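Please open the structure in a viewer and keep the selection panel at hand.

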Amino acid sequence: MHIVILKAIIRKFVGKKLYITFLIIFTLNFQSYSQEMFGLTLGNYSGVNSIIANPAMMTHQHKFLDVNLVGLDVFVGNNFAYIPGSDYNMWDAVNTRQLPTYEDGSNFLYYDNEQLKVMSTSIRMLGPSAMMQLGKHAFGFSTALRVYTSGSNVPWEMPVFGYEGLRYKPLHNIQFNDHNFDFQANVWGEIGLSYAYDVFHYFDQQITVGISVKYLMGYSGGYADINNVEYMVQSDSVINITNMNAEVGFAIPVDYNNSDFPDSGPTFKGSGIGIDIGAVYVKRKNVDNKRFKRPCEQRYEDYVYRIGISILDIGRINYKNNAQMHNFNDVGVLWENYDTVSFDNINQVVSELSNLFYGDPDASLSGTSMKIGIPTALSIQADYHFKEKIFIGAYWIHPVRFNGHTMRRSAQLAIIPRYETKQLEFSLPISLYEYQYPRIGAALRINFLTVGTERLGNWIGAGNLDGMDIYFSLKFGLEKGKCRVKSNNKCYNLEYGYSDKQKLKFKKTRR
């Protein structure tokens with residue numbers, strides 16, 4: 001929904017040609033991190049996808065080899081715009097049913113309150129990826145395309161102006177004084193290498209550490225970091241900005257002189273390094289350090305419980321191509337005839353703003369490179385093996401931000417009951433999004449296909465439609481303890497790579 005609002009604001013500020021350019025970019029963002037994919041990353045059959053939550057979880061899988069073919073995770077959420085669930089739900093969208101239209105001609109409504117607004121779009125396209133475990137070691141390779149937009153602490157009246165237009169008289173002649181809000185948008189590709197190692201493996205206890213290092217390829221990015229802005233909308237044609245301190249940066253595949261898309265420069269406008277680190281403690285059910293000769297002979301070691309901690313997405317992308325950074329420090333202007341302003345390209349926009357605030361079209365430009373931090377977060381995962389095929393998981397993730405240039409990952413707290421077998425897995429995540437919005441999700445895995453959502457209500461019309469959430473993954477793997485027969489001995493047992501005689505000795509040892 002916030003994309004619709006942003007489009008409305010952009011259209012008001014710019015001419016038709018430039019509006020179409022922005023429309024392409026933000027539509028790409030919408031169509032292109034469930035936010036956390038509980039049903040895909042936390043189970044014992046999650047395989048290579050487990051590195052998304054914690055790279056140390058690779059040695060705690062049923063499969064010693066796991067290959068992800070393709071996957072997609074789409075999450076959109078905001079607390080401003082919505083469609084009543086009784087009027088429209090996600091099944092209506094899948095069936096291409098026309099959006100409802102309300103009295104003012106709009107296709108959505110908005111929450112009429114003065115709460116600060118947050119908005120987030122997270123899309124992760126999972127490309128070819130694989131992991132392999134060899135005893136205490138596990139290795140992973142992953143690829144992904146990620147799209148992320150976020151807005152934090154957005155003043156309540158700004159999206160109202162975006163919805164109603166500056167002609168909205170109830171907000172005229174009010175002195176607004178807003179502080180510390182920001183927006184980010186980023187599209188980038190990832191190629192990652194992961195490694196996990198069981199550093200402690202003694203009797204029924206195990207500690208594993210893991211790391212993922214990802215090369216980041218920035219396709220486009222932008223941010224606005226506003227320390228403060230004092231302004232009054234006097235009419236639909238006059239805005240009085242008495243003071244503003246803000247920084248804006250962008251690097252997008254558009255020719256800033258004529259709005260051609262894409263521009264003639266390199267495809268990727270920036271690059272960087274991202275790192276995930278994690279550790280997992282496991283209380284195992286059995287005492288077993290059985291050696292193996294072939295990878296398929298490795299034994300899956302069941303556990304009573306496990307607890308993991310990870311720090312995800314440490315890093316940033318440095319944009320050096322087609323990048324601009326503009327600063328507006330302690331500036332103000334009485335902007336008259338605002339409603340007649342129109343531009344044809346981005347350079348005209350920034351030049352006019354610089355001229356308005358500084359009296360110089362080039363004064364605001366402070367650099368031709370910029371940095372955007374990827375959405376760093378602290379995460380804790382726990383899983384308790386309650387009964388034979390029943391598990392109860394818990395997940396907590398909290399954003400870590402270094403400045404207004406860092407994308408904000410949404411906070412979540414969840415309890416995840418799970419039924420898990422080789423052929424079938426079902427989970428029912430119960431989560432608290434941003435520590436205040438309760439949600440119920442569902443995920444189903446049948447053999448190699450997983451489909452899930454963390455907002456089940458959006459699909460059945462329970463609650464307002466103020467976002468969406470869906471994910472899926474298609475992958476295959478080779479299970480531990482499943483080796484092809486190399487012996488004609490009929491007593492050979494393939495269940496865990498042990499013969500019947502070996503298993504008998506193991507049982508006597510335990511006694």
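**A tour from hairpin to core**

Begin with strand 5 and strand 6 (residues 137-154), an antiparallel pair joined by five bridges; strands here are DSSP runs (E, at least two residues), as helices are (H or I, at least four), numbered from the N terminus, and two strands pair if DSSP finds at least two bridges between them. The model is predicted, so local features need pLDDT of at least 70 and side-chain atom pairs count only at pLDDT 80 or more, whereas totals for chains, interfaces and linings use all residues. Residues are numbered from 1 along each chain as its sequence is written, and side-chain values use heavy atoms, with hydrogens and water left out.

Next, select glycine 135 in the hairpin of these strands, where two residues lie between them: glycine 135 has a positive phi near 65°. Then select methionine 131, whose bridge partner in strand 6 is glycine 140. Aspartate 66 stands opposite methionine 131, and strand 1 is joined to strand 5 by four bridges in an antiparallel arrangement.

Move to serine 310, in strand 11 (residues 303-319). Is serine 310 buried or exposed? Serine 310 is buried, at a relative accessible area of 1%. Beyond its neighbours within four places in sequence, its contacts (heavy atoms within 4.5 Å) include Ile277, Gly278, Ala377 and Leu378. A polar atom of its side chain lies 2.8 Å from the backbone oxygen of alanine 53. Asparagine 54 is 256 residues away along the chain, yet its C-alpha atom is separated from that of serine 310 by 5.7 Å.

Finally, select Phe161, Val229, Tyr231, Ile241, Met244 and Phe357, the residues with the most contacts inside the largest nonpolar core, which has 40 residues. Such a core is a set of buried Ala, Val, Leu, Ile, Met, Phe, Trp, Tyr and Cys residues joined through side-chain atoms within 4.5 Å. Strand 8 supplies the largest share of this core, six residues. A second, separate core of 13 residues includes Ala251, Met325, Met370 and Ile374.

Conventions:
Buried means under 20% relative accessible area, exposed over 50%, partly exposed in between (1.4 Å probe, protein chains only). A polar contact is a pair of N or O atoms within 3.5 Å; within protein, one must be able to donate a hydrogen and the other to accept it, and residues adjacent in sequence count only if both atoms are side-chain atoms.
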